Amino acid sequence: MYTRLDEKDLGYGLKRLMCSNENVKNALTLSQYRHWVKAGRTFSTYIENANYEPGDLTDVLNKKIAEDGWVNSHKQLNDWKTLEQVIQGVDNQELKIELAW
């Protein structure tokens, strides 16, 4: 809800409170201060190296926050080619529509 209201700082703070992984928290902090390249790398490292257990709610939440953060970092950097390559294998209609613009 806060993200939709463009309350970005509050949104980042709430996500940091919900997260249990320090790497994701650090990446959220980097995003909050608009360090998009470092944030994208940190999110990417977490996504690549994390062991997910689908039944563990904290793993699912951390993964979702990291994936959303990674996508947002690449949007902010206008790295649409990377997003286009990744989105081909994912069923995310919202992002596909945004890429079509």
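Trainee: Which residues does Q32 touch, not counting residues up to four places away in sequence?

Mentor: This is a predicted model, in which local features need pLDDT of at least 70, side-chain atom pairs count only at pLDDT 80 or more, and totals for chains, interfaces and linings use all residues. Residues are numbered from 1 along each chain as its sequence is written, and side-chain values use heavy atoms, with hydrogens and water left out. Contact means heavy atoms within 4.5 Å. On that basis, Q32 touches D9, Y12 and R16.

Trainee: Is Q32 buried or exposed?

Mentor: Buried means under 20% relative accessible area, exposed over 50%, and partly exposed in between (1.4 Å probe, protein chains only). Because its relative accessibility is 15%, Q32 counts as buried.

Trainee: What is the length of the polar contact that joins the side chains of Q32 and R16?

Mentor: A polar contact is a pair of N or O atoms within 3.5 Å; within protein, one must be able to donate a hydrogen and the other to accept it, and residues adjacent in sequence count only if both atoms are side-chain atoms. The side chains of Q32 and R16 are joined by such a contact of 3.0 Å.

Trainee: Which residues have the most contacts inside the largest nonpolar core?

Mentor: A nonpolar core is a set of buried Ala, Val, Leu, Ile, Met, Phe, Trp, Tyr and Cys residues joined through side-chain atoms within 4.5 Å. The largest one has 17 residues, and those with the most contacts inside it are V24, L28 and F43.

Trainee: Which residues does V24 touch, not counting residues up to four places away in sequence?

Mentor: V24 is among the residues with the most contacts inside the largest nonpolar core. With residues up to four places away in sequence not counted, V24 touches C19, F43, Y46, N62, I65 and A66.
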